[in-house]
Number of protein chains: 2
Amino acid sequence: MPKQVDHDERRRTIAEAVIELVTTAGVEAASLRTVAAEAGVSMGSVQHYFKTKDEMLLFALEHGNAMLGPRVQRLLAEAGPLSLRETYRLFFTLLLPFDEQSRRGARLWAALIARGCVDGPTHRLASDAYANLTAFVLRELGKVAEAKEIPADLDLPQAARHLVSVVEGLRWPLLFGAFTPEQALAVLDAQLDRIFLG
Amino acid sequence: MPKQVDHDERRRTIAEAVIELVTTAGVEAASLRTVAAEAGVSMGSVQHYFKTKDEMLLFALEHGNAMLGPRVQRLLAEAGPLSLRETYRLFFTLLLPFDEQSRRGARLWAALIARGCVDGPTHRLASDAYANLTAFVLRELGKVAEAKEIPADLDLPQAARHLVSVVEGLRWPLLFGAFTPEQALAVLDAQLDRIFLG
DNA sequence: AGGTTTACAATGCACTTGCATGGTATCAAA
DNA sequence: TTTGATACCATGCAAGTGCATTGTAAACCT
C-alpha cells in the first residue's frame with residue numbers, strides 16, 4: 001500500500017480550488033495548471049486524482065452543490081428556536097445571494113447551469129439538484145401542513161414548485177443588482193403569505 | 001470608400017454564428033476560427049468586424065437578447081385577438097423553454113449569466129436585461145390596471161417583480177426537465193390568478 | 001488616373017491547453 | 001528484503017488559442 005493519504009479529501013481540496021477559480025474568474029480560468037497552482041499541488045497530482053478535466057469539473061460542481069446542504073442546516077440550527085414560518089423564511093433567505101458566501105454559491109450555480117446546457121453529466125447534475133430542492137421543500141411543507149398552519153385545500157406539490165420558482169427567479173435579478181434585497185424579501189414574504197395562515 | 005457592405009448586418013451574421021455555437025456547444029466552443037467557419041467567412045473577416053474576442057462575444061449576447069423582443073411581439077400579433085389575461089399568459093409562455101427556439105434562448109441566457117458573473121460589461125448587460133424586462137412587465141400591468149381587471153390595492157411594481165421571478169424561476173427547472181410543462185403552466189396560472197380578477 | 005479607405009484573406013507567432021509519459025518516493029504486505 | 005501498489009513530480013507534445021502583420025482587391029473621391 002502507498003502513502004497514507006485520504007483520497008477523497010484530496011479530491012475535495014482540489015475541488016475547492018476549482019470552485020475558487022470558477023467563482024472568481026469563470027470556468028475557462030480553471031485549467032489543470034491553474035487549479036494545481038491554486039490548490040498548491042503539482043499538476044501531476046491533479047491528474048492523479050482526476051482522469052480528465054471534465055471529471056474534475058463535474059466533481060467540483062457536485063461537491064460545491066453538496067456543501068450547500070450542511071451549511072444551510074448549520075445556519076438554521078444556529079438561528080435558535082424560530083416559528084415554522086420564520087424558519088422557512090430563513091431557509092429561503094439563505095439560498096439567495098445576500099452575503100458573499102451565497103453570492104459565490106450563485107456564481108457557481110450559474111456555471112453549473114451554463115455547462116449543463118451542453119454537457120450530459122452536468123445536465124443530469126443540475127436536473128437532480130432542482131428535483132431534490134423541490135422534493136425537500138415539499139417534505140417541509142408536509143410538516144407545516146401537519147401543524148395545521150396551512151390552508152387545507154392547498155395543493156402541496158404545486159405550492160412547493162411555486163416557492164422554488166420564486167426563490168430561483170429572485171436569485172438572478174438579485175445577483176445582477178436588478179432587484180434590491182428589500183424588494184426580493186418583499187416578494188418572498190408575499191409568497192409565504194399565500195402558504196401560511198394568519 | 002470601399003466595397004459596398006452593410007457593416008452592421010455582417011456583424012449580426014457573425015453574431016448569429018456565435019449564438020449557434022454557444023447554444024449548441026457552449027462559449028468555450030466559440031473561438032475565432034470556429035466562428036469564422038460557422039459563419040462561412042475567413043478568420044480575418046471576423047477580426048475585421050470585432051477587434052477582440054470579448055467584443056464579439058458581448059455583441060453576440062447583446063444581439064441574441066435584442067432579437068427576443070421582436071420575436072415575442074410578432075408571435076403575439078400572430079396570435080390574434082386575445083383577452084388581456086390570455087395575452088399576458090401567452091407572453092410569459094413565450095419566455096419559457098417550451099419549443100426548441102425558446103430553449104436556445106434559455107441556453108444563450110445561461111451563457112450570459114455565467115459570463116456576467118465574471119465579466120464587467122456582460123454583467124451590465126444582464127443587469128439591464130432583467131431591469132428592462134421588469135420595467136416592461138410593469139408598464140403592461142399598468143394597462144391592465146387601467147382596464148380595472150386588477151385588485152385596486154395591488155402593489156404594481158412588486159407584482160411585476162413577483163411575476164418576473166416566477167417566470168425566471170420556472171425557466172431553469174423546465175430547461176433541465178425537473179418540472180414538466182404542465183406543472184410550470186399551473187404555477188404560472190396560479191400566479192396570474194393573483195393579478196387578474198374573476 | 002491616382003490616392004485613400006474599406007473589406008477581406010493568409011500566415012506567422014507566442015502562448016496555453018489537455019493529456020501522455022517516465023521517473024522517483026513512500027508505504028505495506030509477502 | 002523484495003515486490004507492488006499508490007502518490008506524486010517533471011517534462012514533452014501536438015493541437016488550439018487570440019492576436020498582429022502583411023498583402024490584395026474593390027470601391028469612391030479629387
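Guide: Let's begin with two helices in chain B: α1(B) and α2(B) are roughly perpendicular to each other (that label covers 65 to 115 degrees; under 35 is roughly parallel, over 145 roughly antiparallel, the rest oblique). This is a predicted model, where local features need pLDDT of at least 70 and side-chain atom pairs pLDDT 80 or more, while totals for chains, interfaces and linings use all residues. Residues are numbered from 1 along each chain as written, and chains are lettered from A and ligands numbered from 1 in written order.

Helix α1 of chain B runs over residues 7-25 and helix α2 of chain B over residues 32-39; they pack at about 110°, with 8 Å between their axes. (Axes are lines fitted to C-alpha atoms, for helices over the stretch in contact, and angles run from 0 to 180 degrees between N-to-C directions.) Who does the touching? On the α1(B) side it's T13(B), I14(B), A17(B), V18(B), E20(B) and L21(B), and they meet T34(B), V35(B), E38(B) and A39(B) of α2(B). (Contact means C-beta atoms, placed from the backbone, within 7 Å.) Sort those residues by class and you get six nonpolar, two polar and two charged. (Ala, Val, Leu, Ile, Met, Phe, Trp, Tyr, Cys and Pro count as nonpolar, Asp, Glu, Lys and Arg as charged, the others, Gly among them, as polar.)

Now hop over to chain A. Its secondary structure amounts to nine helices and zero strands (DSSP runs numbered from the N terminus: helices are H or I, at least four residues, strands E, at least two). Going along the sequence, that reads α-α-α-α-α-α-α-α-α, and the C-alpha trace of chain A spans about 60 × 40 × 30 Å along its principal axes.

Here, look at α1(A), residues 7-25, against α6(A): the two pack at about 90°, and their axes are 9 Å apart. So α1(A) and α6(A) are roughly perpendicular to each other too. From α1(A), I19(A), V22(A) and T23(A) meet R104(A), R107(A), L108(A) and A111(A) in α6(A). That contact has four nonpolar, one polar and two charged residues.

Next, how do the two chains meet? Chain A puts 37 residues into the contact and chain B puts in 38. On the chain A side, the elements giving two or more residues are α6 (100-116), α7 (120-146), α8 (156-175) and α9 (181-193). Of these, α8(A) gives the most, with twelve residues. By class, the side of chain A that touches chain B has 22 nonpolar, eleven polar and four charged residues.

Terms used
Two residues are in contact if their C-beta atoms, placed from the backbone, lie within 7 Å.
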